[in-house]
Amino acid sequence: MSKNDIAVQYRTAGGAIVTVYGRHFEYRAECGGCREWTLSGDLKRWAHRHATRCLALPR
Ligand SMILES: [Zn+2]
């Protein structure tokens, strides 16, 4: 079991999962397909927008 708390997940058209996770004040959004990630801005918004655009397949 990961010690990171998953806040939200979105599925891309290709089936990869974009996850927002973290602990305390360190949150991170990461795509399970293309491995793009970010620490800044509105992470849920980034994750959702990325999920609608990313065409990478899950790894
Ligand atoms: Zn991606």
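Student: How many bridges join S3 to strand S4?
Tutor: Strand S4, residues 37-38, is joined to S3 by 2 bridges, and the two run antiparallel. Keep in mind that this is a predicted model.

Student: Which residue stands opposite Trp-37 in S4?
Tutor: Glu-30 does.

Student: What about the turn in the S3 and S4 hairpin?
Tutor: There are 5 residues between the strands. Arg-35 sits in that turn with a positive phi of about 70°.

Student: And on to S2 and S3. How many bridges there?
Tutor: Strand S2 (residues 17-23) pairs with strand S3 (residues 26-31) over 6 bridges, in the antiparallel sense. One partner pair is Arg-23 with Glu-26 in S3. Val-20 has Ala-29 in S3 as its bridge partner.

Student: Which residue has the positive phi in that hairpin?
Tutor: His-24, with phi near 55°. The hairpin of S2 and S3 has 2 residues between its strands.

Student: What order do the strands take in the sheet?
Tutor: S1-S2-S3-S4, in an open sheet of 4 strands with antiparallel pairing. Strand S1 (5-11) and S4 are the edge strands, each pairing on one side only.

Student: Zoom out. What's the order of elements from the N terminus?
Tutor: The chain runs β-β-β-β-α. Its radius of gyration is 11 Å, close to the 10 Å from the globule rule for 59 residues, so the chain is as compact as a globular protein of that length.

Student: What box do the C-alpha atoms fill?
Tutor: Roughly 30 × 25 × 15 Å, taken along the principal axes.

Student: New topic: which residues make up the largest nonpolar core?
Tutor: It has 7 residues: Ala-16, Val-18, Val-20, Ala-29, Cys-31, Leu-43 and Ala-47. At least two residues of this core come from each of S2, S3 and helix H1 (43-53). In soluble globular proteins, nonpolar side chains tend to be buried together.

Student: What does Ala-16 touch?
Tutor: Leaving out residues up to four places away in sequence, Ala-16 touches Cys-31, Gly-32, Gly-33, Cys-54, Ala-56, Leu-57 and Pro-58. Cys-31 is also a member of the largest nonpolar core.

Student: How much of the chain is buried?
Tutor: Buried residues are 19% of the 59 in the chain.

Student: Last one. What share of contacts is between residues 24 or more positions apart?
Tutor: 37%, counted among contacts in the chain with a separation of 6 or more.

Notes
Residues are numbered from 1 along each chain as its sequence is written. This is a predicted model: local features need pLDDT of at least 70, side-chain atom pairs count only at pLDDT 80 or more; totals for chains, interfaces and linings use all residues. Two strands pair if DSSP finds at least two bridges between them. A nonpolar core is a set of buried Ala, Val, Leu, Ile, Met, Phe, Trp, Tyr and Cys residues joined through C-beta atoms within 7 Å. A residue is buried if 20 or more other C-beta atoms lie within 10 Å of its own, exposed if 12 or fewer, and partly exposed in between; C-beta atoms are placed from the backbone. Two residues are in contact if their C-beta atoms, placed from the backbone, lie within 7 Å. The radius of gyration is taken over C-alpha atoms; the globule rule is 2.2 Å times the number of residues to the power 0.38.
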